[in-house]
Every structure is written in C-alpha cells, then in structure tokens.
Amino acid sequence: KITIEAIGKNYQLSSVHVYNANGALIEEKTVKNAYRLDLDLSQKAAGIYFIHIHFDDQTSKTEKIIKK
C-alpha cells in the first residue's frame, strides 16, 4: 500500500495515474477534496512503476516506485 499526501500544500489532489516501466497506464484514480490517497499495488507484479500525481492547481509531480 502506498499513501500519497499533499503535505504543506495549499491545494488538493485531483488524480493519480500509475504507469509500468513500459509506459502503459495500469491504474487511474480521480479524487475530489482530498489531501490523501491510498494506492494498493499488492496485486501488481514486482518492477518499476511511475506514479503521476495531479493537483487541483494544475501542477503535477511524478514519483518512481520500485516494487519488490
């Protein structure tokens, strides 16, 4: 389980996209009025994933996750 939080930000999460190492979209979540979101990747294969986080102020951030 991965928890995504908008800590110290004045804006909220709007969506999260999870991509595998090949760039294929494997999961998408849209949220409203949330500063926190839990993602469950336990059923996904081991490997590298990229989590693209969108905020309601139209900014975004990408994080790399290595699942063993």
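The model is predicted: local features need pLDDT of at least 70, side-chain atom pairs count only at pLDDT 80 or more, and totals for chains, interfaces and linings use all residues. Residues are numbered from 1 along each chain as its sequence is written, and side-chain values use heavy atoms, with hydrogens and water left out.

**Entry 1. Salt bridges**

Glu27 is buried, at 17% relative accessible area. Lys29 is partly exposed, at 32%. The cut-offs are under 20% for buried, over 50% for exposed, and partly exposed in between, with a 1.4 Å probe and protein chains only.

How many salt bridges does the structure hold? I find three. One of them joins Lys1 to Asp38, at 3.7 Å from N to O. This pair links distant parts of the chain, 37 residues apart. Lys1 lies in the segment before strand E1 (2–5), and Asp38 is in strand E4 (residues 36–39). Strands are DSSP runs of at least two residues (E), helices runs of at least four (H or I), numbered from the N terminus. Lys1 is exposed at 71%, while Asp38 is partly exposed at 33%.

I also checked Lys61 and Glu63. Their closest N and O atoms are 3.2 Å apart, and they form a salt bridge. Lys61 is partly exposed at 44%. Glu63 is partly exposed too, at 33%.

**Entry 2. The sheet**

In what order do the strands of the open sheet run? I read E3-E2-E5-E6, four strands with antiparallel pairing. The edge strands are E3 (25–34) and E6 (60–67), each pairing on one side only. Neighbouring strands are turned by 20° against each other on average, direction ignored. The axes behind that angle are lines fitted to C-alpha atoms, for helices over the stretch in contact, and angles run from 0 to 180 degrees between N-to-C directions.

Strand E2 (residues 13–20) pairs antiparallel with E5 over seven bridges. Two strands count as paired if DSSP finds at least two bridges between them. Leu13 stands opposite Phe55 in E5. E5 and E6 run antiparallel and are joined by eight bridges. Four residues lie between these strands in their hairpin, where Gln58 takes a positive phi near 75°.

Where is Ile48? I place Ile48 in strand E5 (residues 47–55). Ile48 stands opposite Ile66 in E6. Ile48 is partly exposed, at 34%. With Phe50 and Ile66, Ile48 forms a nonpolar surface patch of about 250 Å² accessible area together. That area comes from the Shrake-Rupley method with a 1.4 Å probe; for residues, only the protein chains shown count as cover. Patch members need over 30% relative accessible area and no salt bridge; like charges are joined within 9 Å, nonpolar side chains (Val, Leu, Ile, Met, Phe, Trp, Tyr) within 5 Å.

**Entry 3. Val16**

Is Val16 buried or exposed? Val16 is buried, at 1% relative accessibility. I find Val16 in strand E2. Residues touching Val16, not counting those up to four places away in sequence, include Ile4, Glu27, Lys29, Leu37, Leu39 and Ile53. Contact means heavy atoms within 4.5 Å.

Key:
Salt bridge = Lys/Arg side-chain N within 4 Å of Asp/Glu carboxyl O.
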